[in-house]
Amino acid sequence: MKFIKNHLMFILPLMAILLGIEFYLVFERTTNTYEKGLKEGYFMLAVTKKPMQLSDFQALNDHISTAEKIKRESIVSEVAKGISQSSSKEILAALPYFYNLGLDSYLHTSGLEEIKKTLESDANIKQVETFGSSYQSNYRLFAFIKFILKIFIVFMAVVSLFLIIKQMEIWKYAHKERMQVMEIFGAPLMLRSGILFKVAFVDAIFSTILVSAIFFYTKFYWAAQSGIDIMVQNQEALFKVSDIGILLGSSIVIVVIAVYTVVFSSKGVQE
């Protein structure tokens, strides 16, 4: 039981860090999809004196990705109901040209203002409406959620790392005599710490397998049966094979940091 307890005291904090890393990866992938939706659903309105092409707008600002012309006839048909056809033609002739402009990325509101200023510097463009208030609200909420998640993951990682180092100290004292004998015979630090690395690497592999299994199950079994729209729609983003490599690499880095932290910080105790 003590053997299992000692390993669980190392595996559980390491799993907490790996879960945080995997949650971050999943969040980044799903928010990229959400960000893409926000970007595709956002348009600026440009009012011009003469017809313009997409290349004309892109020459003014390279963030412009699409330019959809709004039919003036439909605008006139709405505002000129009940008036004569000749009056409608006069209104149509006097009406400027309207374009919905799409962007190539989800920009901060300061970026929108910069685009507006650039476009309005052209003599052919009468006005640009950015709809900044609704855009800013969505952007701030989006940025706030990402910031809170990062803070939570960093906090959880720091606490878990301290627990891992604490368990590593216990293992170090358990193998203290063996390590001291090797030190007397002049064994290098890497060799003296070999037993710690060996135990920690095995637990790191177990932790990686367990966390991967949790997200594998979530992606292929739980998400499809949960009935939660956001889980079903983003099922592909829940786990990728490349995540296993990221988790294993992260766990090895954590193990190396923990082992060397313990070995260097408590060298005096051995002596």
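**Reading rings, strands and a surface patch**

Modeller: Ring pairs link F197, F201 and Y260 into a cluster. This is a predicted model, where local features need pLDDT of at least 70, side-chain atom pairs count only at pLDDT 80 or more, and totals for chains, interfaces and linings use all residues. Residues are numbered from 1 along each chain as its sequence is written, and side-chain values use heavy atoms, with hydrogens and water left out.

Colleague: Happy to start there. How many aromatic pairs does the structure hold?

Modeller: A pair of aromatic rings is described by the distance of the centres and the angle of the planes. Rings of Phe, Tyr and Trp (its six-membered ring) pair if their centres lie within 6.5 Å; planes under 30 degrees apart count as stacked, over 60 as edge-to-face and the rest as tilted. The structure holds seven such pairs. One of them joins F23 and F215 edge-to-face, at 5.4 Å centre to centre with 75 degrees between the planes. F23 sits in helix α1 (residues 2–41) and F215 in helix α9 (residues 194–226), so this contact ties together parts 192 residues apart in sequence. Helices (H or I, at least four residues) and strands (E, at least two) are DSSP runs, numbered from the N terminus.

Colleague: Is F215 buried or exposed?

Modeller: Buried means under 20% relative accessible area, exposed over 50%, and partly exposed in between (1.4 Å probe, protein chains only). F215 is buried at 7% relative accessibility, while F23 is partly exposed at 46%. Another edge-to-face pair is F57 with Y99, at 5.3 Å centre to centre and 65 degrees between the planes. F57 belongs to helix α2 (residues 54–60) and Y99 to strand β3 (residues 97–103), 42 residues apart. Both F57 and Y99 are buried.

Colleague: Which strands do bridges join to β3?

Modeller: Two strands pair if DSSP finds at least two bridges between them. Strand β1 (residues 44–48) runs antiparallel to β3 and is joined to it by five bridges; M44 has L101 as its bridge partner there. Strand β2 (residues 64–70) is also antiparallel to β3, with six bridges, and I70 is partnered by F98. Six of the seven residues of β3 are buried, so the strand is largely enclosed by the rest of the structure.

Colleague: Which residue ranges does the UniProt annotation "transmembrane region" cover?

Modeller: The unreviewed UniProt entry lists 7–27, 141–165, 199–224 and 244–264; such annotations may be inferred rather than shown by experiment. In the model, residues 199–224 are 100% helix and 0% strand, with end C-alpha atoms 37 Å apart. Residues 244–264 are likewise 100% helix and 0% strand, their end C-alpha atoms 30 Å apart.
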